[in-house]
Every structure is written in structure tokens, then in C-alpha cells.
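Trainee: Could you walk me through this model with a few questions and answers? I would like to learn how to read it step by step.

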Amino acid sequence: MDIKHMKYFVEVVKQGGMTNASKSLYIAQPTISKAIKDIEAEMAVPLFDRSKRNLVLTDAGKIFFNKCKEIISLYDNLPTEINSLYGLETGHINISMSAVMSMRKFIGILGDFHQLYPNITYNLIESGGKTTENLILNDEVDIGVTTLPVDHHLFESISLNKEDLRVVLHREHPLAYKTKIKMEELAEENFILFNEDFYLNDKIIENAKNAGFVPNMASQISQWNVIENLIINKLGITILPATISELLNDDVKMIQLENANTEWELGVVWKKDKRLSHATNKWIEFLKEKLTEQK
């Protein structure tokens, strides 16, 4: 068994079968099938429950899958760790970012980091907070930006930004003249929300229920600029963090929301007790320093 076999096995599990793994890896399916059989023969245990119609790992397969991910991560990070001994700062960081955020602060710090370490590269993924947490736990990204608090048994975190939520509506909306709006005043409105992958969606629904109603969802979207365009065309209202609201078109207006839980906090999170790459550790140290300077 070698690292290549482990990578084949992990990809089969991630892709849900050998056919998709074959396409993902650009390797013939019989090659992958033989590698899996060779691993099972060497381990002397089945890794998949072949009595099931869908791909299901045995208990041994689950343990082997998790250990393979650890070994592959260590193997992939080995050149970076060696280079760090000689002051050659290289590496790659996979980052999952929330769509419910103003990128300016985070990307600004990332830009400063790049000036110091130009040989470190990045892969940026935009997703909801729930997907971000799953990607981190499954070792598919190194760090992520999501809503705080997170489960401290699973994640480490740094607070990135605290702010309030705002009601966002068209400037000609009947409520647009107000300086403050109570949640119950929105009971008859059509809400344009993010989809279920976003914790903001949960928070808005919770606030609405506390005010005695279930929001009427006109649409669910994954991009705040699409929500903005829907509001401009008078298709509904929404609730967004203040920093995003301030970036919106002049045709919309943001109004303070009262008698509701409007505190919104984003943070940078990573998997607890995971051995992070040298590049990721450098980035986290740099981020902490910058955030301390900005306080």
C-alpha cells in the first residue's frame, strides 16, 4: 500500500463511488478497483459493506478513511514543512468564506499577508456557514469564515467582526420613512432570504417567530447582490448585516431593527486539535496580530 492507493480510497468515499472517483482522478475505474482490493487484502478486512446498494463504509473502513486523510495531509504538507526550515515560505491554504459578509476587512488582511509571503497560494470558496463547518470537519478546507459562536468542542475560532442586523427595503416602501422598525411590523411582508445553508436565515426566522409570525418567503438566494436586485425591483424585503447594507444601491434603504436579537458576529474558525500546515499556522498568527492592531 502506498500514498497513491490511499488517495484513491479517499476519493472513492468522497465521490460516493468508483465511477465518479474515476472521473475526478482521470484514472481508469479498473485501476481504482484493483487498488481498493489490494488495500483490503493487505488490511485483511473489508472496507466497504457490499451488501448495501449505496456505498457504505464498514467500521474498519471509517477508521481507515479518517487515518488516510491524516496521512495524506501530512504527506502533502511535508515539502512546506521542510522548506520552512530554510526560510522558504511556501504552501497552500484552502479557505471557505461566508457569503454573508463584507469581504473588505478579511481580504485586506489576506492581501497584507500575501505581500509578506508571496509564495503561499490560496483557494477561496464561497458558501453558507453550515457547509463551511462541514468542509472544515471533513478536512476539505483548512479554515473558514462563519457565524459565531461555534461548537468549541469541534472548532477553534477568532472573532472577525461584530455588528447589528438591519432591515433592507426599497426606498419607496411604506416603511421606508421610519428610523426604527419592530419585527412584528414585518409580519405581512415578503421576505427575500438566504437559503437554509446560512445561519442568518435561521436567525431571521427565529426573530420572526418570537414576534408571533412565520415569515412569508418570496425567494431564497445564496448571493446578497442578487437579493439587492430583487429588492430594487420591489419583490420583497430582507434583513442583512450592517456592513453589507452599507454597500447596497441608493434605491434601497436600511433601517434599524428594534425589539429583536440583532447581534451578528463572524469569526475565522478551524478544526480543533488538527495539525495545521505551516502556511495555515502562519496565516492564523498573522490574522491575530492584525486584528489586535485594529482594535
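**Reading the model**

Mentor: Lys-234 sits in the loop between α8 and β8; helices (H or I, at least four residues) and strands (E, at least two) are DSSP runs, numbered from the N terminus. This is a predicted model, where local features need pLDDT of at least 70, side-chain atom pairs count only at pLDDT 80 or more, and totals for chains, interfaces and linings use all residues. Residues are numbered from 1 along each chain as its sequence is written, while side-chain values use heavy atoms, with hydrogens and water left out.

Trainee: Is Lys-234 buried or exposed?

Mentor: We call a residue buried under 20% relative accessible area, exposed over 50% and partly exposed in between (1.4 Å probe, protein chains only). Lys-234 has a relative accessible area of 53%. Lys-234 is therefore exposed.

Trainee: What is the phi of Lys-234?

Mentor: Most residues other than glycine have a negative phi, and most peptide bonds are trans. Lys-234, which follows α8, is not a glycine, yet its phi is positive, at about 60°.

Trainee: Within what arc do the buried residues of α8 fall?

Mentor: In α8 (residues 224–232), the buried residues are Trp-224, Ile-227, Glu-228, Leu-230 and Ile-231. An α-helix has 3.6 residues a turn, so residues three or four places apart point the same way. The arc is that of the directions from the helix axis to the C-beta atoms. Down the axis of α8, its buried residues line one face, because they fall within an arc of 165°.

Trainee: How many residues does the largest nonpolar core have?

Mentor: In soluble globular proteins, nonpolar side chains tend to be buried together. A nonpolar core is a set of buried Ala, Val, Leu, Ile, Met, Phe, Trp, Tyr and Cys residues joined through side-chain atoms within 4.5 Å. Those with the most contacts inside the largest core include Phe-106, Ile-239 and Trp-283. The number of residues in this core is 58.

Trainee: What type of aromatic pair do Phe-106 and Trp-283 form?

Mentor: Rings of Phe, Tyr and Trp (its six-membered ring) pair if their centres lie within 6.5 Å; planes under 30 degrees apart count as stacked, over 60 as edge-to-face and the rest as tilted. Phe-106 in α5 (residues 103–116) and Trp-283 in α10 (residues 278–294) are 177 residues apart. Their rings are 5.6 Å centre to centre, with 85° between the planes, and the pair is edge-to-face.

Trainee: What type of pair are the rings of Phe-191 and Phe-213?

Mentor: Phe-191 is in strand β6 and Phe-213 in the loop between α7 and β7. Phe-191 has 0% relative accessibility, and Phe-213 has a relative accessible area of 10%. The ring centres of Phe-191 and Phe-213 are 6.4 Å apart and the planes are at 35°, so the pair is tilted.

Trainee: Which residue does a cis peptide bond join to Leu-148?

Mentor: Omega is about 5° for this bond.
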